[in-house]
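Trainee: I have a structure open and would like to learn to read it. Could we go through it together?

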Amino acid sequence: MEQLLVPVLCKVDKIIDETPDIRTYRLKMNDPARMESFSWMPGQFVEFSLLGHGECTFCISSSSTRQGYFDCSIKRAGIVTADIHSQLEEGMDVGIRGPYGNWFPIDDIKGKNLLFVGGGIGLAPLRSLIQYCIDNRKDYKDFTILYGARTSSDLCYKEEIEEWQKNPSLKVILTIDKPEETWKDNVGVVPKILEEVVKPKTENTKVITCGPPIMIKYTLISLDKLGFSPSDVITTLEMKMQCGLGKCGRCNIGSTYVCKDGPVFTYAQLKSLPDEF
Amino acid sequence: MNVFLVETDKTGLQKFYEEIIGKFETYAPVEKFGKYDYKRVLKLSECNPDSPIETTMSVKPLFFPKTAKIMKFVEDSSGTTVSETEEDPFAGKRVILGVKHCDARGLQVLDQVYKWDYIDTDYQKRRENTIIISARCDKAGAQCFCTSLDYDVENSDAHDIRIVNGLNGKTYIQAITEKGETLLKSFSLQSTAPDVAKDEISKHYKSFEASFRLKMNYSEVNAKLQKLFDSPEFETVSSNCISCNTCAFICPTCHCFKISDEKIKDAGVRYKSYDSCNNGYFTLMAGGHNPRPVKYRRWRQRAMHKFVYYKERFGVNLCVGCGHCAISCPVNISIFDVVNQVAKV
């Protein structure tokens with residue numbers, strides 16, 4: 001027996017098709033008492049297993065301020081995720097371990113203007129924090145969400161984004177990489193829209209960003225140009241993980257365990273790590 | 001703590017071993033084809049607690065098994081059931097004989113990663129229920145360098161009981177921990193006056209230390225490596241490596257593992273088994289991104305994890321100087337040479 005590695009069984013309550021290759025799996029623990037006491041912070045992750053196929057690391061994409069369930073949004077990218085997409089149906093059981101890792105610094109960002117910059121599936125971890133902040137709206141000042149994807153059909157959480165757009169206390173800016181006939185919003189990659197359309201003020205502002213590596217790379221350059229301090233830019237790192245417990249040695253960057261010390265880091269912290277992520 | 005020290009001779013020691021094997025579930029180095037490995041033994045003639053050469057595999061698998069079952073699972077129309085596997089074969093009370101200094105130190109090093117934050121209770125139980133008795137290390141092997149590292153071999157507390165050959169022909173059995181002392185007392189062994197014995201033990205370690213071929217200045221190597229992440233030497237030192245991972249499997253302190261499922265029809269088992277940072281897929285993510293896509297980067301991780309990162313994180317070096325890896329490496333790479341060559345700037 002390896003007690004630490006035994007998962008808890010959860011049922012897939014609902015599957016939501018987000019994009020052609022991203023689905024959100026809404027999960028409920030089979031033991032209702034356990035579900036009720038299950039609590040996590042925005043930015044934390046779980047080890048998700050389709051038993052017999054393998055275990056993968058996914059962030060929880062919903063906020064624990066919305067109780068009774070939790071979401072994992074999964075992009076079809078490798079072997080296990082392909083099996084999840086093709087074989088996991090509503091009503092089936094999955095194994096869950098967690099929540100693991102650190103979380104977005106919700107105390108540090110209190111009383112600040114929040115700027116979320118997301119790309120593609122990178123909105124998943126941000127969504128957990130966005131929901132959390134919407135549910136505690138009075139704790140935060142201006143609230144801006146910049147979200148982009150390659151095409152309009154690659155945008156996740158479309159219904160929820162419509163709700164955000166209707167919410168007068170949120171500013172939502174959407175963009176896609178190339179023009180489309182029916183698309184009336186911005187066109188252009190995220191860093192370009194950030195600089196030319198959003199033009200955020202740095203004063204009292206925290207930026208929370210997540211997206212594909214190439215987007216992150218250029219977004220960090222843009223934020224630097226706009227004058228943001230690296231300690232005000234927060235991101236969440238993708239690394240290969242297995243145990244989630246600081247034991248299996250997979251996610252090490254130098255002496256840092258991404259599964260324990262991360263996955264959430266400020267850009268200032270990332271700069272101090274060996275260049276190996 | 002009073003020093004509990006027994007003076008005896010070779011015959012007395014044999015008797016002591018026999019008594020242990022008779023009373024406890026005992027493991028000791030057993031010879032096969034000229035090589036030694038820790039095996040369960042029922043009589044002293046099967047094993048050699050003072051094997052003249054290192055065991056091929058470290059003592060690690062008795063605490064961190066090569067493959068362990070995490071759980072079983074069954075699927076039927078009502079859903080999935082997860083059940084425990086059979087009992088842990090290593091959880092009971094047991095004694096291990098013939099553990100060299102390096103191997104025992106390896107367990108102390110492993111303790112650090114298993115006890116931080118999430119505590120691995122399975123590992124801890126195996127540790128708590130095991131009494132570790134040292135081998136008589138009289139002479140360093142060709143690849144040994146334990147005395148060069150960040151621990152004091154002579155005053156090590158990694159064993160519960162230490163056995164030392166005096167230069168005067170006597171053998172000393174010394175309790176190092178309370179667990180060890182309780183065991184010695186239960187055998188109605190009488191403690192001897194410690195003065196002569198201590199002197200003899202200290203002489204033994206002086207002669208032991210003089211027998212080392214390999215020596216390094218650990219603090220200098222550690223300090224230099226901290227600044228050498230970008231050293232081009234990592235490419236040179238790793239070029240012969242065939243990525244077979246033998247070094248990681250037999251290493252007393254390598255602890256990376258993977259989790260994998262085996263499923264036949266509706267039932268399956270989830271396993272935890274050894275893995276190595278030298279594997280190309282070790283950090284490969286779905287989607288194709290790999291932070292360590294080439295061999296020298298994986299070797300750099302191996303060397304730096306052992307000599308810099310673990311020390312920084314847990315205060316102990318992740319290499320104990322046993323030389324197991326150098327002995328078994330098919331292309332003669334030695335971690336001793338690797339770190340020395342990189343740090344030789």
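Predicted model: local features only at pLDDT ≥ 70, side-chain atom pairs only at ≥ 80, totals over all residues.

Mentor: Residues are numbered from 1 along each chain as its sequence is written, while chains are lettered from A and ligands numbered from 1 in the order in which they are written.

Trainee: How many helices and strands are there in chain B?

Mentor: Helices (H or I, at least four residues) and strands (E, at least two) are DSSP runs, numbered from the N terminus. Chain B has 11 helices and 11 strands.

Trainee: What radius of gyration does chain B have?

Mentor: The radius is taken over C-alpha atoms, and the globule rule is 2.2 Å times the number of residues to the power 0.38. For 345 residues, a compact globule would come near 20 Å; chain B has 22 Å, which agrees. Its C-alpha atoms fill a box of roughly 65 × 60 × 40 Å along the principal axes.

Trainee: What share of chain B is buried?

Mentor: A residue is buried if 20 or more other C-beta atoms lie within 10 Å of its own, exposed if 12 or fewer, and partly exposed in between; C-beta atoms are placed from the backbone. In chain B, 45% of the 345 residues count as buried. Strand 9 (residues 171-175) of chain B is mostly covered, with 5 of its 5 residues buried.

Trainee: Which residues of strand 9 of chain B point which way?

Mentor: In a regular strand the side chains alternate between the two faces of the sheet. Here Thr171(B), Ile173(B) and Ala175(B) point one way, Tyr172(B) and Gln174(B) the other.

Trainee: In which sense does strand 8 of chain B pair with strand 9 of chain B?

Mentor: Two strands pair if DSSP finds at least two bridges between them. Strand 8 (residues 161-165) of chain B pairs with strand 9 of chain B over 5 bridges, in the antiparallel sense. Ile161(B) sits opposite Ala175(B). The hairpin has 5 residues between these strands, and there Gly169(B) takes a positive phi near 90°. Strand 1 (residues 5-8) of chain B also runs antiparallel to strand 9 of chain B, joined by 4 bridges. Thr8(B) faces Thr171(B) in that pairing.

Trainee: In what order do the strands of the open sheet in chain A lie?

Mentor: Its 7 strands follow the order 10-9-8-7-11-12-15, with mixed pairing. Strand 10 (186-187) and strand 15 (264-266) of chain A are the edges, each pairing on one side only. Strand 8 (residues 143-149) and strand 9 (residues 171-176) of chain A run parallel, joined by 6 bridges. Gly148(A) stands opposite Thr175(A).

Trainee: How is chain A divided into domains?

Mentor: Domain bounds come from an automatic or database domain assignment. Chain A has domain 1 (3-100) and domain 2 (113-236). Their centres, over C-alpha atoms, are 25 Å apart. The contact takes 15 residues from domain 1 and 14 residues from domain 2 of chain A.

Trainee: How many residues of chain A are in contact with chain B?

Mentor: Two residues are in contact if their C-beta atoms, placed from the backbone, lie within 7 Å. By that rule, 33 residues of chain A are in contact with 42 residues of chain B. The chain A side divides into 12 nonpolar, 12 polar and 9 charged residues. Ala, Val, Leu, Ile, Met, Phe, Trp, Tyr, Cys and Pro count as nonpolar, Asp, Glu, Lys and Arg as charged, and the others, Gly among them, as polar.
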